[in-house]
Amino acid sequence: METVVSGIRSTGKLHLGNYFGALRNFVKMQHQNNCYFFIADYHSLTTHPTPADLHGNVKQVLSEYLACGLDPEVSTLFLQSDVPEVTELYLLLNMNAYVGELERTTSFKDKVRLQPDNVNAGLLTYPVLMAVDIIIHKANKVPVGKDQEQNLEMTRKFAKRFNHMYNVDYFPEPTAYNFGEELVKIPGLDGSGKMGKSEGNGIYLSDSPEAIRKKVMRAVTDSGPVEKNQKLPEPISNLFKIMEVVSEPSTHAYFLEKYNQCEIRYGDMKKQLAEDIISFTSPFRERILSISADNAYLRKVVNRGAEQARASAAKTIKEVREIIGFKPF
Ligand code: TRP
């Protein structure tokens with residue numbers, strides 16, 4: 001039983017790639033570990049959302065994760081901004097984070113390049129806040145993708161530095177939670193690469209059937225196989241890959257055979273694929289709609305999560321304050 005913390009970006013609806021990547025594994029893993037899942041809404045302020053967008057995004061993302069099976073009875077599911085203890089540890093940890101090392105992180109350098117007009121201090125100290133999210137629950141495992149590895153390394157550095165500075169063995173040094181083989185990469189519909197939000201090639205769990213049909217029919221293909229049993233080029237293998245996860249094995253086998261015999265009609269395959277994606281996503285879409293319409297339920301979920309997360313965070317803060325030397329007379 002590990003203590004696992006995972007921060008969820010508050011922007012970005014879930015697409016099939018998210019589902020078959022981390023999410024499906026979160027749902028399983030929550031039963032074997034002590035999990036804290038939270039929506040990183042403080043972090044999202046670095047991009048200055050309007051109040052309406054901030055609230056709407058948080059609600060959408062929370063509804064989607066619940067619809068996918070994150071279970072508030074099993075995991076601690078909360079909003080980062082409901083745990084003020086996070087901001088206190090953030091202040092304390094900022095004293096031990098050096099401007100130089102923060103400036104050298106790749107994500108910060110990327111932001112400086114991509115948004116030179118909004119290089120705010122929150123961006124610089126983003127890794128500190130993320131470290132706090134993790135260590136405030138004394139977590140030892142964090143499920144992270146490649147893009148977050150450096151942030152996790154910074155977390156270990158800050159944890160170790162604190163321990164060393166005060167000569168204590170207080171914060172664990174968290175490592176990546178590895179799903180290994182379980183991580184299925186879903187390609188996009190644009191011919192190459194994986195499905196991603198910024199790539200604009202995604203099918204979202206909340207997409208309507210019409211939107212899904214349109215996207216699939218527009219997916220990149222080629223002019224067709226030229227010889228029997230040839231190797232599948234990427235745009236075509238991508239469609240088969242998606243078919244593999246949403247369709248019956250016999251459907252996948254049928255179209256593969258057609259391809260191998262040079263008899264495939266991509267239009268037919270896409271029609272089938274679209275319908276199978278719709279069958280797969282529809283139950284999610286319906287749950288997302290009903291959950292997001294139920295404010296009373298959402299309120300109950302976040303209140304319960306906040307209470308649990310705050311209990312754990314408050315214990316850490318109390319101990320950290322003592323270690324630092326803020327003691328009662
Ligand atoms: N930085 C993460 C992302 O962009 C989100 C995040 C914030 C996070 N705090 C975290 C992830 C703590 C894991 C643990 O995806």
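This is a predicted model: local features need pLDDT of at least 70, side-chain atom pairs count only at pLDDT 80 or more; totals for chains, interfaces and linings use all residues.
Local features need pLDDT of at least 70, side-chain atom pairs count only at pLDDT 80 or more, and totals for chains, interfaces and linings use all residues. Residues are numbered from 1 along each chain as its sequence is written, and side-chain values use heavy atoms, with hydrogens and water left out.

The ligand is surrounded by Gly7, Arg9, Phe38, Ala40, His43, Tyr126, Met130, Asp133, Ile134, Val142 and Gln148. Polar contacts are pairs of N or O atoms within 3.5 Å. An N or O atom in the Tyr126 side chain is 2.7 Å from a ligand nitrogen. For Asp133, a polar side-chain atom lies 2.8 Å from a nitrogen atom of the ligand. For Gln148, the corresponding distance to a ligand nitrogen is 2.9 Å.

Pockets and cavities were found on a 1 Å grid over the protein atoms alone. A cavity is a set of points where a 1.4 Å probe fits but cannot get out; a pocket is an open set with protein on both sides within 12 Å along at least five of seven lines. Lining residues have an atom within 4 Å of a point. Volume is the space filled by probe spheres set on the points, which are joined across faces, edges and corners.

The second largest pocket has a volume of about 270 Å³. Its lining has 15 residues, and the closest to the centre are His55, Val58, Lys59, Leu79 and Val302. Helices α2 (51-68) and α13 (295-324) each give two or more lining residues. The largest share, five residues, comes from α2. Helices here are DSSP runs (H or I, at least four residues), numbered from the N terminus.

One cavity of 30 Å³ or more is present. The largest cavity holds about 40 Å³ of space. Leu89, Leu92, Leu93, Asn96, Phe162, Val320 and Ile324 line this cavity. Helix α3 (85-94) gives the most, with three residues.

Helix α12 (residues 266-292) has 27 residues. At 1.5 Å a residue, times one less than the number of residues, α12 should span 39 Å; its end C-alpha atoms are 37 Å apart, which agrees. A kink of about 40° lies at Thr281, shortly before Pro283. This bend is the angle between axes fitted to the seven residues ending there and the seven starting there.

Key:
A residue is near a molecule or strand if one of its heavy atoms lies within 4 Å of it. A polar contact is a pair of N or O atoms within 3.5 Å; within protein, one must be able to donate a hydrogen and the other to accept it, and residues adjacent in sequence count only if both atoms are side-chain atoms.
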